[in-house]
Amino acid sequence: MSKPKSTSDLFEHKSKALQKIDDYLTNLIQSDEPRDNGKADKLCYWLNDWMNFLSFEKDFSPKSLRRYKRGEIIKIHLGFNVGSEEGGLHYAVVLDKNNAKSSPVVTVVPLTSVKPHTDTTNLKNGSIFLGNELFTNLNSKISMVDRKVKSEIDELEKLVADASKKASSEHFSTIDTKLGTARKELELLAKMRAEVLKMKHGSIALVSQITTVSKIRIYDPQTDHDILSGIKLSNEKLDLIDYEIRKSFTNF
């Protein structure tokens with residue numbers, strides 16, 4: 001067991017670590033390569049997100065989230081990638097057969113969209129073409145929720161107009177708050193639709209990058225009412241993933 005460090009040692013350690021990060025980011029920002037500039041931007045975003053995760057960690061309870069079932073699609077933050085690792089926000093497939101609500105982690109296979117140059121008949125080992133099943137399911141769900149939210153906004157706008165004439169200021173404020181929330185949800189739907197459109201030509205399961213992550217990293221769905229709730233792969237596609245897992249990681 002290592003000897004506990006003194007406060008002065010910890011401050012010195014912190015100073016060296018922060019200086020190293022600052023030097024690295026400065027070099028990336030001052031580089032003439034756009035790729036380096038982009039890397040600096042992503043790293044800054046990740047450091048900010050990471051600090052948010054750590055701040056949230058103490059009070060986080062996985063029981064506050066819905067239960068995740070095998071084959072379901074979730075959106076997670078994989079963090080800042082090193083080398084060829086997948087990083088950032090990604091859709092992923094849940095692999096756990098029986099993931100308890102109390103479990104702080106979940107095992108997933110990250111997904112990526114088919115690019116224009118991708119030959120889906122000649123993918124690398126550990127990658128499985130899933131077709132456009134995910135795009136179809138997600139696009140249908142987003143369209144359904146989009147119609148529902150727009151209908152709610154129409155009704156709330158009518159209530160706001162009516163409340164401004166005869167309701168109390170407190171009642172008006174409550175309706176206006178709900179309207180603001182609905183409009184933000186509509187903006188989120190538009191952003192998600194743009195993401196999903198990238199899957200139009202199909203999705204690829206990156207079985208070689210199977211990973212177990214903290215549920216703190218899950219962005220959606222967190223409840224049974226979120227957009228991705230209920231979206232899952234067919235048994236046929238899950239069988240393809242299972243086969244690739246056996247082929248890549250076992251002797252069976």
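I began by settling one term: two residues are in contact when heavy atoms of theirs lie within 4.5 Å. I also noted that this is a predicted model.

**Entry 1: contacts along the chain**
With that term in hand, I looked up contacts between residues at least 6 apart in sequence, and found that 72% of them join residues at least 24 apart.

**Entry 2: the overall layout**
I listed the secondary structure and got five helices and seven strands. Reading along the sequence, I wrote down the pattern α-α-β-β-β-β-α-α-β-β-β-α. I then looked up the extent of the C-alpha trace, which spans about 70 × 55 × 45 Å along its principal axes.

How many of the 252 residues count as buried? I found the share to be 34%. The protein exposes about 16500 Å², and I noted that carbon and sulfur atoms supply 52% of that area. For charge, I have 39 positive and 35 negative side chains on my page, with the centres of the two sets 4 Å apart.

**Entry 3: helix H2**
I checked the length of H2, which runs over residues 34-57. Its 24 residues should span 34 Å at 1.5 Å a residue, and because its end C-alpha atoms are 34 Å apart, the check agrees. Which residues of H2 are buried? I wrote down Ala40, Leu43, Trp46, Asp49 and Phe53. Next I asked what the buried residues of H2 pack against. My list has helix H1 (7-30), strand E1 (73-77) and strand E7 (218-220).

**Entry 4: the nonpolar cores**
I turned to the largest nonpolar core, which has 33 residues. Ile73, Tyr91, Leu111, Leu138, Ala205 and Ile241 have the most contacts inside it. At least two residues of this core come from each of strand E2 (89-94), strand E3 (105-113), helix H3 (133-166), helix H4 (169-197) and helix H5 (235-249). H3 gives the largest share, nine residues.

Leaving aside neighbours within four places in sequence, I found Leu111 in contact with Ile73, His90, Tyr91, Ala92, Val93, Leu130, Leu134, Ile204 and Ala205. I also found a second, separate core of 19 residues, with Leu28, Leu43, Ile76 and Val213 among them. Leu43 was already in my notes as a buried residue of H2.

**Entry 5: a cis bond**
Is the peptide bond from Asp220 to Pro221 cis or trans? I looked up its omega, which is near -5°, and wrote down cis. Pro221 sits in the loop between E7 and H5.

Methods:
Residues are numbered from 1 along each chain as its sequence is written. This is a predicted model: local features need pLDDT of at least 70, side-chain atom pairs count only at pLDDT 80 or more; totals for chains, interfaces and linings use all residues. Side-chain values use heavy atoms; hydrogens and water are left out. Helices (H or I, at least four residues) and strands (E, at least two) are DSSP runs, numbered from the N terminus. Buried means under 20% relative accessible area, exposed over 50%, partly exposed in between (1.4 Å probe, protein chains only). Accessible areas come from the Shrake-Rupley method with a 1.4 Å probe; for residues, only the protein chains shown count as cover. Lys and Arg count as positive and Asp and Glu as negative; His and the chain ends are not counted. The place of a charge is taken as NZ of Lys, CZ of Arg, CG of Asp or CD of Glu. The expected span of a helix is 1.5 Å times one less than its number of residues. A nonpolar core is a set of buried Ala, Val, Leu, Ile, Met, Phe, Trp, Tyr and Cys residues joined through side-chain atoms within 4.5 Å.
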